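Reader: Before I turn to the details, please show me the model and then take my questions one at a time.

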Amino acid sequence: MVNPSQDAPAQAKNKKVLIENLEIKYGDTVALTDVNLDIEANEIYGIIGPANSGKTSFLNCINRMDDMRPNMSTTGRVWFNGIDVTNWRNLYSLRRQIGVVFPLPVGLPLTVYNNVALAPQLSGINKKADLDEIVERCLRRAALWDEVKDRLDSLGSLLSGGQQQRLTIARALSQEPDLLMLDEFSIAVDPVTTMRIEDVLKELKKEMTIILVTNLVQQAQRLADRTAFFLNGRMVEMGKTEDLFAGKVQHQETLDYIEGRFG
Amino acid sequence: MFQETQQNIKHKKTERLFRILFLMMVLLLITPVLMILGTLIVKGGPAISLEFLFTNPTNGMTEGGLFPALLGTIWLVVVALLASVPLGIAAALYLSEYAPDNWLTRAINLAIVNLAGVPSIVHALFGVGAFVIFFDFGTSILAASLTLAVMTLPVVIVATRESLQAVPQAFREACWNMGATRWQTIRRVVLPNAISGILTGIILEVSRTAGETAPIMFTGAAFYLPFLPESVFDQTMALALHLFVVATQVPNVPPSMPYGVALVLISIVLLFNAMSITFRMYLRGQKKW
């Protein structure tokens with residue numbers, strides 16, 4: 001099904017994600033340029049930076065969502081599990097291995113049950129018993145089961161914002177992803193729910209790799225093993241989170257942003 | 001307490017003025033509808049009976065019922081829907097969900113909107129040329145229904161496209177990110193949420209299909225037929241044409257008869273509409289975001 005790229009560099013083989021010289025353009029406008037980074041298996045990789053610095057575009061390149069956007073073009077290489085993502089013949093199988101959680105909770109207008117069962121169904125699991133098991137397991141892991149177990153048949157889009165966001169996490173988990181990408185997941189969620197989701201993420205890290213794009217610097221500090229700082233369409237620097245927050249930075253901009261002295 | 005300023009009072013006055021203005025517009029719009037319905041019921045009501053609905057016209061169409069025309073209109077509407085609804089929905093799905101946004105797509109969209117403005121007599125002549133002569137269906141229900149279908153396609157396409165585009169893009173994004181194909185996304189999420197808008201388009205289409213006279217005059221509807229249609233290759237009578245005939249072409253028709261025919265025609269359209277509105281309300285109760 002998958003063509004291993006002939007010229008995959010040795011280091012791509014033992015990294016979860018490896019990015020080389022990535023550049024993203026919308027039409028003629030460069031959204032993000034000169035990104036080189038690697039993400040280890042089972043780490044939480046934080047990406048911080050103000051709005052419009054290319055963070056979401058970056059995530060779109062990893063699961064090839066750039067294909068769905070006609071005016072978005074990318075150059076450079078992206079390896080996922082040692083394989084160049086442009087060489088995946090079945091894009092849909094690539095996307096199924098990568099779970100995505102969006103800034104605003106998107107509860108699909110389906111029942112709670114079907115929101116979580118959709119991805120398994122799309123990949124061909126149809127037995128009721130199997131689906132029941134997946135739905136319960138994913139909702140439990142997203143810390144939502146106790147709140148919705150009695151109303152699995154009500155609409156997912158009618159849950160509260162915080163519940164919907166956990167529902168989308170459960171939905172992402174139902175794909176049994178290898179990589180979970182969270183794009184500013186806490187933007188529409190109250191602080192208590194945010195803390196609960198953060199606890200969930202710490203647990204999930206044992207089983208999968210997580211990319212955490214966040215506009216809360218402290219969230220990256222709490223969760224991320226390593227953190228990259230994006231600013232105005234380029235990656236300023238990356239390093240161990242503890243080093244960055246201890247002030248061991250190469251660029252003054254990074255320190256300014258982390259300490260909230262920006263603009 | 002707060003004192004009302006001159007500004008407040010002025011705003012209130014304007015508010016009331018516009019409220020009354022808009023209400024008047026609504027009443028103005030409803031008046032002709034009520035007047036038409038009222039006239040039809042008062043003047044046509046006495047003509048309506050089971051015999052009127054379910055027997056053939058007799059005595060040079062001055063007596064008897066309109067059953068062949070009633071049945072014919074139902075044939076025409078159903079066959080026209082069978083042709084135009086799948087085609088229209090498929091076209092709208094392509095335009096809204098698959099087509100790249102380029103000059104060609106925009107030109108096609110413009111063409112569809114323009115097609116809606118083509119006079120029905122032009123469609124009629126097209127129907128004669130294309131379906132009656134070229135495809136050799138003869139003057140038949142099939143030819144007439146296909147002509148009606150072509151005429152009403154833009155309505156279905158535009159209504160479907162609009163309701164597809166009203167489904168939030170975020171739903172599609174979420175599905176695509178899960179590894180769903182475009183078709184899986186359409187079937188599981190987009191279509192179920194667009195269906196009520198699509199039905200609105202079909203309601204409009206039914207009304208036009210049942211009421212049009214010109215497109216069927218030359219393609220399949222007959223002045224008078226002593227027998228009922230048995231297949232789509234037969235000719236048929238139709239209510240709209242029958243109304244035209246008894247109102248203007250036949251001497252010595254009792255005055256209540258044309259009103260009766262018109263009342264039946266309007267009732268059929270209302271019946272079709274009521275069915276789809278009920279269905280739509282049922283669906284709307286199920287889907288919300």
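**Domains, core and chain contacts**

Author: To begin with the domains of chain A, whose bounds come from an automatic or database domain assignment, the C-alpha centres of domain 1 and domain 2 of chain A lie 25 Å apart. This is a predicted model, in which local features need pLDDT of at least 70, side-chain atom pairs count only at pLDDT 80 or more, and totals for chains, interfaces and linings use all residues. Residues are numbered from 1 along each chain as its sequence is written, while chains are lettered from A and ligands numbered from 1 in the order in which they are written.

Reader: What average pLDDT does chain A have?

Author: The pLDDT is the predictor's confidence in each residue, from 0 to 100. In chain A, 95% of the residues score at least 70, and the average is 87. Over residues 1-5 of chain A, however, the pLDDT is below 50, although this stretch has 13 contacts in the model beyond near neighbours in sequence, a contact being two residues whose C-beta atoms, placed from the backbone, lie within 7 Å. For the chain, then, the average asked for is 87.

Reader: Which helix of chain A supplies the largest share of the side of domain 1 that touches domain 2?

Author: The assignment gives chain A a domain 1 of 15-97 + 177-263 and a domain 2 of 104-176, and 12 residues of domain 1 of chain A are in contact with 15 residues of domain 2 of chain A. Helices (H or I, at least four residues) and strands (E, at least two) are DSSP runs, numbered from the N terminus. With 4 residues, the largest share of the domain 1 side comes from residues 191-204 of chain A, that is, helix 8.

Reader: What is the radius of gyration of chain A?

Author: Chain A has 11 helices and 10 strands, and its C-alpha trace spans about 50 × 45 × 35 Å along its principal axes. The globule rule, 2.2 Å times the number of residues to the power 0.38, gives 18 Å for 263 residues, so chain A is as compact as a globular protein of that length, with a radius of gyration of 18 Å.

Reader: Is Leu139(A) buried or exposed?

Author: Leu139(A) is found in helix 5 (residues 128-141) of chain A, and, leaving aside residues up to four places away in sequence, Leu139(A) touches Val116(A), Leu144(A), Trp145(A), Val148(A) and Ala170(A). A residue is buried if 20 or more other C-beta atoms, placed from the backbone, lie within 10 Å of its own, exposed if 12 or fewer, and partly exposed in between. Leu139(A) has 27 other C-beta atoms within 10 Å, so it is buried.

Reader: How many residues does the largest nonpolar core have?

Author: A nonpolar core is a set of buried Ala, Val, Leu, Ile, Met, Phe, Trp, Tyr and Cys residues joined through C-beta atoms within 7 Å. Helix 6 (residues 141-165) of chain B gives the largest share of this core, 16 residues, and Leu212(A) and Leu76(B) are among the residues with the most contacts inside it. The core has 151 residues.

Reader: Which helix of chain B supplies the largest share of the side that touches chain A?

Author: In this interface, 18 residues of chain B are in contact with 20 residues of chain A. Helix 7 (169-177) and helix 8 (182-211) of chain B each supply at least two residues of that side. The largest share, 5 residues, comes from helix 7.
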